[in-house]
Amino acid sequence: MAVAQQRVPVEERLFSLVLALLATEIGLTKSEILSTVQGYRQRYVAEGDNANLERQFERDKDDLRELGVPIETLDSPGQAGNNQQLRYRIPRGSYELPLDVRFTPEETTLLNLAGRVWREGSLSTESRRALLKLRSLGVDPDEPLLGYAPRVRVRDAAFEPAATAIERRQIISFPYLKPGERQAQLRLVKPLALIAHEGRWHLFAEQVEGGETRTFLLRRIVGPIKATGKTFVPPPGDQSQRGLDELEEIWRSRVAVVDADPGTDAAMRLANRRGTVRDDGRLTVHYADLAILADELTGYGPEVRVVSPPELVSAVQQRLERIVADHGGADA
Amino acid sequence: MPEKTPQPGARDKLAFLLALTPYLLDHEHVTVRETARHFGVPESQVREAVRLIAVSGVPGETSFYQHEDLFDIDWDAFEEHDEIAVTNRVAIDEAPRFSGKEAAALIAGLQYLSSLPEIADRAAVGSLLAKLQRGSSAQPSPVAVQSQDPDATLALLRRAAAEGRRVEFDYVGGRGQLEHRSVDPLRVESADATWYLRGWDHSREAVRTFRLDRIGEARLSEEASTHRAAEVALPETLFTATDDDLFVTIDVDPSALPLLADYLPEGTTTEGENGRRRATVRVSHHAGLKRLIASMPGLATVVSPAEARDAVAEWARAGLDRYREAGE
């Protein structure tokens, strides 16, 4: 086949790189790749300066890794430590989906639904690609009996920078505004996981000073997340599960008692809340964050009266007073 | 549901090539049309990808991409019958693994959906999660969504849809009054932590949206449903604007704008007072507005009309009265 001399499209170069690296057992050196693989070879200068092409190769490797294509580097025999003689390959076993990982139509249906949950941001890009790979297996999903249209919008500006810092294992700092405080405090942490709990996103992280773990509500990160330039090694184990367990423990241990008038919006919604115990009009509810529960209860206006704890009672009263004052009502 | 897919970049095109190739190897003589349907992409995208695959390969022993080092297809079948048959294959055999981030996105999505009756079988979901872990090329990224218990109302809605029956329930309407409803379930939707039922409301003779956490005492009706999902065109947005909507001007702290996104479909705001943003929201009645504004103390203030402003102040004042009458 004739070699086309015109510009090779980027996807053709990347695809050819994957094919070449998959096909080699012993690996290819960088100069072998640049001089022979489609998309590079057209621009390769024998015995000349290929610095631009080398940088292109580095960026292409990042693109492949981003898609989950594992690239392995090996020393050439007898050339250990010689960077120019490093050999690159894609180990077939780490690239291909194992043969025992296949999905039934029911599982395919669930995964399709799970992938459609994310409608914006990096999670939606990732899940779209994951579903593409799933379709590669050729299984058609079952049509669900009742249509579902789940949708999670990750609207916290801190989400993407936090996800990047976790992936790169960077120690970060950010201004964090605790409820009731006027000034945000600068926090210095090792980010471990992103966790959605009761519909809100949290960053689970280890504080550099003291070393204890904490969860930070993303919406209270009020300024930019900055990388300090230092990296860290995350502790072993499932960090997102650890973070979820910590939040869940806090949620379990905090209990509020409220009276809600039967038949009202407040009574219905508080009763339908996870973990609520109802005793006539008196409801016992769990919460993770007092300020957030106080905001919600304030929204119910006269439909609820908080019984305990006392700090929740005063938090709700203060909020109601604030609403009255902000809306020009004299509180007679 | 139709969704906007962005114009694919080179990375996305590569992802498509790596997914399409093993599919074609498994399906001898598959049509372009069927392939496009399966992947949910335009037929032109399939043809373009097939043309590229058909001329791609490995440098081979000669380093010159000889014929046997390239993929090949039955060109006659492709050009004349729009059929794809790979006749020579190189390098690729199987579907690729998920990346750590891709696996994490699916796992977190499954966790988010854990209140659905389809996910009630925890052993089956456990085995699915294990497969995703085994099938990814790196440890899934640490992103997690708290799992929920299976939801009884969702289970009931699914049963109603399966048996073609209505559901009946008590519902607290937007104005705060408790009503009895009889509904044909059409679709379940969610927005973050809030779940909705969209269904045909027999008392209103129209499609209505119900918040699941405002539904009480739900049960299967003896009556058959008269409307099915396939026959009713549901509007894309959960809440539809009507001519009766009221326009209310509010000042909002910029940090709280995301909380109001549902009420600001156009998302336009102007400069307000004290560094706040001024926005106009449309609401069906002031009763809903006072709840929303009161749940954002210190972050949002109604500017006009006076009637809306008074409604919010009155709501909060009545709330404060609850503590006075209790003598505390």
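**Two chains and the contact between them**

A salt bridge joins the side chains of A:Asp265 and B:Arg214, with 2.6 Å from N to O. The model is predicted. This pair counts as a salt bridge because the rule asks for a side-chain nitrogen of Lys or Arg within 4 Å of a carboxyl oxygen of Asp or Glu. Across the interface of chain B and chain A, the rule finds 20 salt bridges.

Which helix gives the most to the side of chain B that touches chain A? Helix H1 of chain B, residues 10-26, does, with 13 residues. By residue class, that side of chain B divides into 70 nonpolar, 20 polar and 30 charged.

Now take the contact as a whole. Chain B brings 120 residues to the contact, and chain A brings 119 residues. The size of an interface is often given as the accessible area lost when the parts come together. Here, the area buried between chain B and chain A is about 11000 Å². Carbon and sulfur atoms give 61% of that area. Polar contacts are counted by residue pair: there are 48 between chain B and chain A, with both residues at pLDDT 80 or more.

Strands also cross from chain to chain. Strands of a sheet pair through backbone hydrogen bonds, either parallel or antiparallel. One residue pair to look at is A:Ala149, whose bridge partner in S7(B) is B:Glu189.

Next, look within chain A. How are the strands S1, S3 and S2 of chain A paired, parallel or antiparallel? The pairing is antiparallel, and the 3 strands form an open sheet in the order S1-S3-S2. Its edge strands are S1 (28-29) and S2 (72-74) of chain A, each pairing on one side only. S1(A) is joined by 2 bridges to strand S3 of chain A, residues 87-89. In S3(A), A:Arg87 stands opposite A:Thr29.

Finally, the domains. Chain A is divided into domain 1 (10-95), domain 2 (99-153), domain 3 (159-247) and domain 4 (254-326). For chain B, the assignment gives domain 1 (10-88), domain 2 (98-150), domain 3 (152-231) and domain 4 (246-325). In chain A, the centres of domain 2 and domain 4, taken over C-alpha atoms, are separated by 38 Å. In chain B, the C-alpha centres of domain 2 and domain 4 lie 38 Å apart.

Notes. Residues numbered from 1 in each chain as written. Chains lettered and ligands numbered in written order. Heavy atoms only, no water. Contact = heavy atoms within 4.5 Å. Buried area = accessible area lost by both parts, 1.4 Å probe. Polar contact = N/O pair within 3.5 Å; in protein donor to acceptor, adjacent residues only side chain to side chain. Helix = DSSP H or I, 4+ residues; strand = E, 2+ residues; numbered from the N terminus. Nonpolar A, V, L, I, M, F, W, Y, C, P; charged D, E, K, R; others polar. Pairing = 2+ DSSP bridges. Domains from an automatic or database assignment.
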